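Please have a look at the sequence and the model first.

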Amino acid sequence: MKNKFIIASLSALAVFSACSDVKRTPGKIYMPDMAESRAYESYADHSNLAEKGINYNSRPVAGTISREEEMPFHIPMDQPGDTTNYTASKAVPNPYDSLSKAQMEEAERLYLINCGICHGSDLKGNGPLFKDGNGPYAAKPAALVGDAKYEAMPAGQMFYSVAYGKNLMGSYASQLSRKQRWQVIAYIKAKQQASKAKAAPAPEAATATTK
């Protein structure tokens with residue numbers, strides 16, 4: 001009975017002490033990471049890291065792929081003056097070289113929005129920016145249809161140009177996903193093939209001969 005009284009007294013004392021309005025210094029946290037995150041936000045001020053000699057530029061680690069991205073392109077951009085990777089891109093096949101009717105229509109839509117302003121709706125390099133020499137661009141953009149150079153250009157090399165930019169054309173990596181870039185290139189190649197088939201001379205009719 002005496003022990004119970006002592007325990008009850010100590011418990012009451014602890015309760016009254018805990019409810020006191022006296023401010024106290026917080027104690028130790030056993031697992032602080034559970035309550036306080038040490039993660040840095042991308043757009044937060046990171047000057048304190050630089051002061052500590054920690055290099056942090058908010059960019060993803062090289063080689064990482066966004067969750068929604070598809071078909072990573074393993075060839076990096078060339079350094080200025082170098083064309084090694086641009087040449088190597090010729091060997092990369094188009095993973096979307098066969099499109100359904102709906103996909104082809106979508107690829108055409110994407111082409112007209114992003115490419116047609118320069119290369120023209122008919123892919124002959126006479127878009128609104130050139131406009132037969134009357135547009136804001138003095139130099140005619142590449143004719144994707146009708147120019148042997150671009151008709152012979154492999155899909156992988158086209159992808160490299162669209163992803164990283166080439167000559168006066170800038171990169172379209174922020175406007176088109178990897179899948180969309182490949183599909184637009186498949187659309188261009190289909191238009192090139194259709195133009196070649198249309199321009200090819202018809203086979204001469206066979207004439208029957210009799211002896």
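This is a predicted model: local features need pLDDT of at least 70, side-chain atom pairs count only at pLDDT 80 or more; totals for chains, interfaces and linings use all residues.

**Surface and ring pairs**

Let me begin with Leu13, which at 53% relative accessibility counts as exposed, where exposed means over 50% relative accessible area, buried under 20%, and partly exposed in between, with a 1.4 Å probe and protein chains only. Leu13 is found in helix H1, residues 2–18, helices being DSSP runs of H or I of at least four residues, numbered from the N terminus. Together with Phe5, Ile6 and Leu10, Leu13 forms a nonpolar patch on the surface, with about 440 Å² of accessible area for the group. Such a patch is made of residues with over 30% relative accessible area and no salt bridge, nonpolar side chains being joined within 5 Å; a salt bridge would be a side-chain nitrogen of Lys or Arg within 4 Å of a carboxyl oxygen of Asp or Glu, and the areas come from the Shrake-Rupley method with a 1.4 Å probe.

Residues are numbered from 1 along each chain as its sequence is written, and side-chain values use heavy atoms, leaving out hydrogens and water.

Turning to the aromatic rings, we count rings of Phe, Tyr and Trp (its six-membered ring) as paired if their centres lie within 6.5 Å, calling planes under 30 degrees apart stacked, over 60 edge-to-face and the rest tilted. By this rule there are seven aromatic pairs. In one of them, the ring centres of Tyr111 and Tyr187 lie 5.5 Å apart with the planes at 45°, so this pair is tilted. The pair links distant parts of the chain, with Tyr111 in helix H4 (residues 101–114) and Tyr187 in helix H8 (residues 178–199), 76 residues apart. Tyr111 is buried, at 0% relative accessibility, and Tyr187 is buried as well, at 3%.

Tyr160 and Tyr164, by contrast, form an edge-to-face pair, 4.9 Å centre to centre and with 70° between the planes. Both lie in helix H7 (residues 155–164), four residues apart, about one turn of the helix. Here Tyr160 is buried, with a relative accessible area of 3%, while Tyr164 is partly exposed at 24%. Ring pairs also link these two with Phe73, Tyr86, Phe159 and Trp182 into a cluster.

Conventions
Helices (H or I, at least four residues) and strands (E, at least two) are DSSP runs, numbered from the N terminus. Patches are made of residues with over 30% relative accessible area and no salt bridge: like charges are joined within 9 Å, nonpolar side chains (Val, Leu, Ile, Met, Phe, Trp, Tyr) within 5 Å.
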